[in-house]
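Welcome! Let us walk through this model together, asking at each step what lies behind the words used for it.

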Amino acid sequence: MSSDKLKEIKQGKENWLEKRSQMKDRDFKFETVSGLPVNDIYTPEDIKDLDYMKDLGFPGQYPYTRGVQSNMYRGRLWTMRQFAGFGTARESNERFKFLLNRGQTGLSVAFDMPTIMGYDSDHPRSLGEVGRVGVAIDSLADMETLFDGIPLEQVSTSMTTNAPASILWCMYIATGEKQGVASEKLRGTIQNDILKEYIAQKSWIFPPKPSMRLITDIFKYAKQYVPKWNSVSISGYHIREAGSTAVQELAFTLADGFAYVEAGMEVGLDVDDFAPRLSFFFNSHNDFFEEIAKYRAARRIWARRMKEKYGAKDPKSLLCRFHTQTAGCSLTAQQPENNIVRTAFQALAAVLGGTQSLHTNSMDEVLALPTEKSVQIALRTQQLIAYETGAANVMDPLAGSYYIESLTDKMEAEAEKYFEEIERRGGVLASIDQNYFQQEIADAAYRFQKDVDKKEKIVVGVNEFVDEDEELDIELLKIDPELEQAQVDHLKELRSKRDNNRVNDTLDALKKAASGPDNLIPYILDCVRAYTTQGEIIDTMREVFGEYKEKPTF
Amino acid sequence: MARKIRVLVAKPGLDGHDRGARVIARGLRDAGMEVVYTGLHQTPEQVVEAAIQEDVDVVGLSILSGAHMTLFPKICELLRENDSEDIKVIGGGTMPEEDVKELVEKGWAAQIFTPGATLEQIAKWIYDNV
Amino acid sequence: MIDIDKLLAGDRRMAARAISMIEDEDEDRQKLLSELFPHTGNVLTIGITGSPGAGKSSLTDALTRQARQQDLKVGIIAVDPTSPISGGALLGDRIRMQEHALDRGVFIRSMGTRGCLGGLARATKDAVKVLDAFGCNIIFIETVGVGQSELDIMHYADTTLVVLTPGAGDHVQTIKAGIMEIANIFVINKADLGNTGKMITDIEQMLDMSSHHNGWRPPIIKTVTTEEKGLPELWNMILTHKEYNETSGAQKENERKRVQQEVQELLEEKIQNQLKLKLSSNGNMWKLVESIVERNMDPYAAANKLLKEFLSI
């Protein structure tokens, strides 16, 4: 824009401000949900330094601000992927089939807490938690049941597993073998992002060093044998759920991503050997524009750093492809039907931000696992956006908005500040050791709660527009407590039927390998094939690797 | 010196969702209480042992794993076995209303704070009931 | 109320309540301590201090493991700062000690500093007596090495460990002099994180310059608690220092000093309380304050006058 035009706008703004400043504003804190202050208006002045080709470009072109594919949703809509799983493998298998029959295009497995933490269902620590927040998987036998009647070459499957990711991934590969599907044909994602566990979600088992080794072992194995698999889904979702701001989510997630890139390169992989299989997972919270700007900034930062700092040559290495889940922490137990509306706005932001796949939360998830009815509404929300709103017609439709572009720049700049601080502290692992991320997130979470308590942030139905005599009248899913015993009985039967000599042999081999330099995946795969349980494999590795200890942070 | 209220904030169960527990811990500290935080993945035995050694007035449990109907009764039972049933057990997390009712009615929890309760309300309850 | 017999027999609840009485400065606490006193004097106290993030809790945890291998009953007093604004405190040291959470041979107590001058050191020392009578053979007292009252606690320990880390910006020159001087043993924890050579040289230089070792020059031990490295060495050094204390007479000498100070403090406290009571009851103070404000009298003469009155009770 010419400087004359800019001057004209500047003058115009001053004139406008003169009138505008005489008007009284509502008593309200005008900032994003994460507390970023926002102006009352944005003009070409705010984006006067924006260089279209350098900063935005076109979809599918560097720096990918406008999207990772050149045809975006005109080619293929995002994958509608509802996270599901509860009870035993049998119940979850039925839920998967229900979702596939209603037009869902990818599967996403939620595991129960014992499975996530590496305990078998009959471990004392598992008591009361088997099948509660996801499906209980103890051995290959459960994984076979979970995908019974679902041909693995036809679906892409996302598995939310981190500390024991290597084991569940091996179970999936072995299930493929049983179905006659070669590992080269398997498509999907394992979350496998241990760094954010130390930072936010806290489902760790081993200390950082051996955990990072397992991840780079997966990188190497995937490159050779499971090339269509996304070997890590670098997750900001949980960072946000733990109470971070949008900028922290953006910065810490990408910093984790760079740490994985460096780890891969340190074990001798070429960056282009594994970077194309890195994917991301973001949250979509209530502040519509802030979220859209966050996704756009994420793509631009990732592309720039991968190219300039890590020397990636393959264009696929530059792509920040991501899955989005609407914000669980934004849902309210009060007036739960309102959650349908919240989720719809959040989902729309994810789509306008160019997500590759999307999970929409069900309205009742703050109270229990979702019922079929509520899951269906959540899925229908995505279909409404895809087919009725017109949001998928035009690529990156908000580009050029003074506000969106200015906010995208702002988020990038704020993220860069965090990268500097992390660097100064000696990198991501050192920052974890110094409790840096944990403390930043805890501070943000506390600030937010104080704001809500003081009504400086309004949560509809909670601190304003409260329905005093609200009676909950939605139906909730009840997990049959008998399922836990059923799963424990299964496991007992398995242990008595399998070839226990083979189990012990595979565990011995794994233990030896864990103390040496070999890639552990083939050893874990052998354990899994012998129906060794997850808990047995984890216990064996724990003997060699030790256990991570929590750091106090408030 | 006046008696200080001591609270144990505990996170039983296998999940790592400690956002609520830590926000509460900090909120009660700011309300003038001494808050002992146990950390994650506590078994009922660990919670009760910590409550006894720390001589707390209140145990606050944050449970989001769905195991509340197992954990609250177990902790109450252990407190009783250790002659410590005077320690009040309160809690919060993801729990359906009928479970909340049952926990309070059966005396397994003195009070359950559902999502949306303010830090001030929780602190006030403790000051009023200790 | 506290059932002394139960406490002496090892009842956890009684010990815990007794410590609360001390912390809350309950009126009956001195009577309680008086009754417990004959049952004390058999415990080894180890002070552990250092800057935040030095890994003190992990070190305490690891040393507890060493002590438990010798079948010693362990008490841990972990002190964290009280917020001066709210008076509340977040006590999170237990988090690092989960391994011992269910071990009946380990008793862990978290304490807030509660901000009172000298009060903390006294409360800690009295808590040590409770745990001593309760049957502990060894007690670890862990505090952040900031503030005088926290340093004071360390004077009650038989052996004081000062924990430093090479990575996190701990530079010997910048660490408060007070904390360096109370060390009987220096521990360089997280020794895998950075260059320990420089740190060792700095400590050695500092020790060269100070002459008051009384025959014990504080040794430097490197540890990595996450990998269990250096812990048997540290444990043995603690025992060596214990032996030195016993054979050199330092033990008795320290004990005398401590007891003398304790009696003196108690006396001061009692006099102070009496004084306060007297001043608040007869109103003489206020009259004098008025005359000082009117410049009819000076504060020094007023104090002398009140002292005379007080002593002539």
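Two residues are in contact if their C-beta atoms, placed from the backbone, lie within 7 Å. This is a predicted model, in which local features need pLDDT of at least 70 and side-chain atom pairs count only at pLDDT 80 or more, while totals for chains, interfaces and linings use all residues. Residues are numbered from 1 along each chain as its sequence is written, and chains are lettered from A and ligands numbered from 1 in the order in which they are written.

Q: What does Val35(B) touch, not counting residues up to four places away in sequence?
A: By that 7 Å rule, Val35(B) touches Val7(B), Val9(B), Ala25(B), Leu28(B) and Arg29(B), and also Gly88(C), Ala89(C), Leu90(C) and Leu91(C).

Q: Which residues touch the most other members of the largest nonpolar core?
A: They are Ile524(A) and Val35(B), in a core of 258 residues. A nonpolar core is a set of buried Ala, Val, Leu, Ile, Met, Phe, Trp, Tyr and Cys residues joined through C-beta atoms within 7 Å. Helix H11 of chain A (residues 246-266) gives the most to this core, 11 residues.

Q: Why is Asn192(A) called buried?
A: A residue is buried if 20 or more other C-beta atoms lie within 10 Å of its own, exposed if 12 or fewer, and partly exposed in between, with C-beta atoms placed from the backbone. Asn192(A) has 28 other C-beta atoms within 10 Å, so it counts as buried. Asn192(A) sits in the loop between E5 and helix H8 (194-201) of chain A, and its phi is near 50 degrees, a positive value in a residue other than glycine.

Q: How do you know whether Asp71(C) is buried or exposed?
A: Asp71(C) has 8 other C-beta atoms within 10 Å, so it is exposed. Its loop runs between helix H4 (56-69) and strand E2 (74-80) of chain C. Asp71(C) is not a glycine, yet its phi is positive, about 65 degrees.

Q: What makes E2 and E6 of chain A edge strands?
A: Strand E2 (83-84) and strand E6 (229-230) of chain A each pair on one side only. They belong to an open sheet of 5 strands with parallel pairing, in the order E2-E3-E4-E5-E6 (chain A). Strand E5 of chain A (residues 187-190) and E6(A) pair in the parallel sense over 2 bridges, and Thr189(A) stands opposite Asn230(A).

Q: How many residues does chain B bring to its contact with chain C, and what are their classes?
A: Chain B brings 28 residues and chain C brings 26. H2(B) gives the largest share of the chain B side, 6 residues. That side has 10 nonpolar, 7 polar and 11 charged residues. Here Ala, Val, Leu, Ile, Met, Phe, Trp, Tyr, Cys and Pro count as nonpolar, Asp, Glu, Lys and Arg as charged, and the others, Gly among them, as polar.

Methods. Helices (H or I, at least four residues) and strands (E, at least two) are DSSP runs, numbered from the N terminus. Two strands pair if DSSP finds at least two bridges between them.
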